[in-house]
Amino acid sequence: MSKRAEIHIRNRVFLAMLLMVGIGASAETLTGRVVGVADGDTITVLDAHREQHKIRLGGIDAPEKAQPFGQR
């Protein structure tokens, strides 16, 4: 895969994540730092109290770890 295609895919995933944060179904706001990526649609966020939250992003299509490009 070319570097340009990689950047395009990365940008699309990032945009999808931003859109989901903006239109999420939850009424709560979670502020923190992403400390882990389980797979294409699941992240771990560390909040100000050092509590970890596992967040699954809905509405995006990203590869799972075992699929092609899942490690990127």
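What share of the contacts in the protein between residues at least 6 apart in sequence join residues at least 24 apart? Here are my notes, with that one answered in the second point.

1. **Model and confidence.** Please keep in mind that this is a predicted model. The mean pLDDT of the protein is 78, and 85% of its residues reach 70 or more.

2. **Fold and contacts.** The protein has 1 helix and 3 strands, and along the sequence they follow the pattern α-β-β-β. As for the opening question, the share is 22%: that is the part of the contacts between residues at least 6 apart in sequence that joins residues at least 24 apart.

3. **Burial and surface.** Of the 72 residues in the protein, 18% are buried. The protein exposes about 6,000 Å², and carbon and sulfur atoms supply 54% of that area.

4. **The second largest pocket.** This pocket holds about 480 Å³ of space. It is lined by 21 residues, and the closest to its centre are Arg10, Val13, Gly40, Phe69 and Arg72. By class, the lining has 13 nonpolar, 3 polar and 5 charged residues. Helix H1 (3–22) and strand S1 (32–39) each supply at least two lining residues, and H1 gives the largest share, with 6 residues.

5. **Ile55 in S3.** Ile55 sits in strand S3 (residues 52–56). Is this residue buried, exposed or partly exposed? Its relative accessible area is 26%, so Ile55 counts as partly exposed, since that class runs between the 20% and 50% cut-offs. Leaving aside neighbours within four places in sequence, Ile55 is in contact with Leu30, Asp41, Thr42, Ile43 and Val45. There is also Thr44 to look at: Ile55 and Thr44 are 11 residues apart in sequence, and their C-alpha atoms are 6.0 Å apart.

6. **Arg50 in the S2–S3 loop.** Arg50 belongs to the loop between S2 and S3. What is the phi of Arg50? It is positive, at about 65°, although Arg50 is not a glycine. Arg50 is exposed because its relative accessible area, 66%, is over 50%.

7. **Thr31 in the H1–S1 loop.** Thr31 is found in the loop between H1 and S1. Thr31 is exposed too, so classed because its relative accessibility of 62% is over 50%. With neighbours within four places in sequence set aside, Thr31 is in contact with Asp47 and Ala48. Thr31 and Asp47 are 16 residues apart along the chain, and 6.2 Å separates their C-alpha atoms.

8. **Ala38 in S1.** Ala38 lies in strand S1, an element that also supplies at least two residues of the lining of the second largest pocket. Its relative accessible area is 31%, so Ala38 is partly exposed, between the 20% and 50% cut-offs. How many residues apart in sequence are Ala38 and Lys65? They are 27 residues apart, and the distance in space is 7.9 Å, C-alpha to C-alpha.

Methods. Residues are numbered from 1 along each chain as its sequence is written. This is a predicted model: local features need pLDDT of at least 70, side-chain atom pairs count only at pLDDT 80 or more; totals for chains, interfaces and linings use all residues. Side-chain values use heavy atoms; hydrogens and water are left out. Helices (H or I, at least four residues) and strands (E, at least two) are DSSP runs, numbered from the N terminus. Buried means under 20% relative accessible area, exposed over 50%, partly exposed in between (1.4 Å probe, protein chains only). Contact means heavy atoms within 4.5 Å. Accessible areas come from the Shrake-Rupley method with a 1.4 Å probe; for residues, only the protein chains shown count as cover. On a 1 Å grid over the protein atoms alone, a cavity is a set of points where a 1.4 Å probe fits but cannot get out, and a pocket is an open set with protein on both sides within 12 Å along at least five of seven lines; lining residues have an atom within 4 Å of a point. Grid points are joined across faces, edges and corners, and a volume is the space filled by probe spheres set on the points. Ala, Val, Leu, Ile, Met, Phe, Trp, Tyr, Cys and Pro count as nonpolar, Asp, Glu, Lys and Arg as charged, and the others, Gly among them, as polar. pLDDT is the predictor's confidence in each residue, from 0 to 100.
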